[in-house]
Amino acid sequence: RVFVSFVIDKGGNISDITVMKGLNEDCDQEAIRVIKLMPPWKPGKQNGRAVKSKFVLPVTFKLQS
């Protein structure tokens, strides 16, 4: 499992992607690649207004030999 942190801006776009806890370089890079491919998210709301928010997403890998 790779834990990836990122920021969702007011428009729902993903930025500031960082690996919080990784497995190895290949899995970490693949998790980042997949998150970059995600469509825009719904932004967080506070008092009815869209705000920037931080999110940590666990990415689970199932490795087979």
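**Close-up views of a predicted chain**

View 1. Helices (H or I, at least four residues) and strands (E, at least two) are DSSP runs, numbered from the N terminus. Read from the N terminus on, the elements go β-β-α-β-β-β. This is a predicted model, where local features need pLDDT of at least 70 and side-chain atom pairs count only at pLDDT 80 or more, while totals for chains, interfaces and linings use all residues. Residues are numbered from 1 along each chain as its sequence is written, and side-chain values use heavy atoms, with hydrogens and water left out. The mean pLDDT (the predictor's confidence in each residue, from 0 to 100) is 95 for the chain, and 100% of the residues score at least 70. Strand 1 has the highest confidence, at 98, and strand 3 (residues 44-46) the lowest, at a mean of 94.

**View 2. Here is the largest nonpolar core, with nine residues.** A nonpolar core is a set of buried Ala, Val, Leu, Ile, Met, Phe, Trp, Tyr and Cys residues joined through side-chain atoms within 4.5 Å. Buried means under 20% relative accessible area, exposed over 50%, and partly exposed in between (1.4 Å probe, protein chains only). The members are Val2, Val4, Phe6, Ile8, Cys27, Ala31, Ile35, Leu57 and Val59. Strand 1, helix 1 (25-36) and strand 5 (53-59) each give two or more residues to this core, and strand 1 has the largest share, with four residues. Setting aside residues up to four places away in sequence, Ala31 touches Val2, Val4, Val59 and Phe61; contact means heavy atoms within 4.5 Å.

**View 3. Helix 1 has a buried side and an outward side.** With 12 residues, helix 1 reaches 17 Å from its first C-alpha to its last, close to the 16 Å expected at 1.5 Å a residue. That expected span is 1.5 Å times one less than the number of residues. Its buried residues are Cys27, Asp28, Ala31, Ile32 and Ile35. Down the helix axis they fall within an arc of 135 degrees, so they line one face of helix 1. The arc is that of the directions from the helix axis to the C-beta atoms. What covers these buried residues includes strand 1, strand 2 and strand 5. Exposed Glu25, Asp26 and Lys36 sit on the face turned away from the buried side. Asn24 caps the N-terminal end of helix 1, with a side-chain oxygen 3.1 Å from the backbone nitrogen of Asp26.

**View 4. Ser5 sits in strand 1 (residues 2-8).** Ser5 counts as buried because its relative accessibility is 2%. Not counting residues up to four places away in sequence, Ser5 touches Asp16, Ile17, Thr18, Met20, Lys54, Phe55 and Val56.

**View 5. Ile14 belongs to strand 2 (residues 14-21).** Its relative accessible area is 23%, so Ile14 is partly exposed. Leaving aside neighbours within four places in sequence, Ile14 is in contact with Phe6, Val7, Ile35, Met38, Pro39 and Trp41. For a distance to check in your viewer, the C-alpha atoms of Ile14 and Val51, 37 residues apart along the chain, are separated by 13 Å.

Technical notes: Polar contact = N/O pair within 3.5 Å; in protein donor to acceptor, adjacent residues only side chain to side chain.
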